[in-house]
Amino acid sequence: MNHKQKINRHMRPILSGIKAWIEKEKNPKWEKAWSEFKVEAKNLHTGRQYQGSNVFGIGVDMWINNYELPYYMTYNNVKYTKGAKFINYDATLQGIPALYWGTKCNGCNKELPSTFLTQGDRGNCECEIGTTTRPNIKVHTIYNVGLIEGVEIPSSEEFIQSDDVIIQAEDIVKNYINKPSIRHDGKGRAFYTPSEDRIRLPKKETFYTVGDYYSTLFHELVHSTGHKSRLNRELETINHFGDNVYAQEELVAEMGNAMLCAVSDIHSTAENSTAYVKNWLSTLENDMSILYKAITKAEKAVNYITNK
């Protein structure tokens, strides 16, 4: 199975979940997939935090199955954890595929440890330090802890969130280092101008809710991370409203906005997300890598804004 096939295997159930979500929800929003994700989704056995498209897949899985906690384990995690077992046979069929990105040595074909890129640790590979490497993608099936018994679950107190969502939202904006200038003179429009590195918004009092204001601001902040001085998504190549590059950048911005809304517990009444989801559905079905790339870019943007 090549890399594209592995990514498609990972993204297919996510896309199926999105379709089910659209059929059930009157006003589906991307942030719904992150609404359960107010703490980092982790592997309960290793404590490792899931990232990128795995986060979105977990969010969709939690919504569809009404899982309460964002903790997951692989089949082998369950097998080798003392006292742990699946609640029944059907539970073993309800996992979701998760991607794991690793590295292999081109010299001996051995897998390199996760510390290789940061510490230069080649593990049991005895090739010379300068030997080239290549990406290595694995697909693991992971299971929510709601399908497993006999494991110790962290205290629910760890999931208590602050009620002061405005402070949380303002902290996100405040902590965005090297952020663009923000002016409230958009005269009814919200937009980011790369050439000026400036966000323009309508006045705060013109928004229906506080949530609508911050959701709009987050969307434009995500756009701004694409500036050449930041993550450089080559925004200057966007020629006009409606072209394919523009549409993909909008998808990144809307998904990044959804992540930031979930982190700060912001809820918006705006229906923009519904349009993005529905308009992109047929395109995503034809090329699931678009969704994968958008999630990856959106997460990078959010990490940049929140200084992670």
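This is a predicted model: local features need pLDDT of at least 70, side-chain atom pairs count only at pLDDT 80 or more; totals for chains, interfaces and linings use all residues.
View 1. Tyr75 and Phe86 form a stacked pair, because their ring centres are 5.7 Å apart and their planes meet at 25°, where planes under 30 degrees apart count as stacked. Since Tyr75 belongs to helix α3 (residues 75-79) and Phe86 to strand β3 (residues 85-86), the pair ties together parts that are eleven residues apart in sequence. Tyr75 is partly exposed, at 45% relative accessibility, whereas Phe86 is buried, with a relative accessible area of 13%.

**View 2. The aromatic pair of Tyr213 and Tyr214, and the cluster that includes these residues.** Tyr213 and Tyr214 form an edge-to-face pair, with 4.9 Å from centre to centre and 75° between the planes. Both of these tyrosines, Tyr213 and Tyr214, are buried. Ring pairs link them with Phe207 and Phe218, so that Phe207, Tyr213, Tyr214 and Phe218 make up a cluster.

**View 3. A charge over a ring, formed by Arg189 and Phe191.** Here Arg189 lies over the face of the Phe191 ring, at 4.5 Å from the ring centre.

**View 4. The open sheet of five strands.** The strands follow one another in the order β1-β2-β6-β4-β5, and their pairing is mixed. At the edges stand β1 (42-43) and β5 (111-112), and because each of them has a single partner strand, one side of each is left without a neighbour in the sheet. Helix α2 (residues 53-65) lies across β2 (71-74), β4 and β6 (133-144), and the helix runs at about 165° to β4.

**View 5. Strand β4 and its two partners in the sheet, β6 and β5.** Strand β4 (residues 96-105) is mostly covered, with eight of its ten residues buried. On the side of β6, the two strands pair in the antiparallel sense over ten bridges, and Gly102 stands opposite Asn136 in β6. On the side of β5, two bridges join the strands, which again run antiparallel, and Lys104 stands opposite Glu111 in β5.

**View 6. The hairpin of β4 and β5.** Five residues lie between the strands of this hairpin, in which Asn109 takes a positive phi near 70°.

Conventions. Residues are numbered from 1 along each chain as its sequence is written. Side-chain values use heavy atoms; hydrogens and water are left out. Two strands pair if DSSP finds at least two bridges between them. Helices (H or I, at least four residues) and strands (E, at least two) are DSSP runs, numbered from the N terminus. Contact means heavy atoms within 4.5 Å. Axes are lines fitted to C-alpha atoms, for helices over the stretch in contact, and angles run from 0 to 180 degrees between N-to-C directions. Rings of Phe, Tyr and Trp (its six-membered ring) pair if their centres lie within 6.5 Å; planes under 30 degrees apart count as stacked, over 60 as edge-to-face and the rest as tilted. Buried means under 20% relative accessible area, exposed over 50%, partly exposed in between (1.4 Å probe, protein chains only). A charge sits over a ring if NZ of Lys or CZ of Arg is within 6 Å of the ring centre and within 35 degrees of the ring normal.
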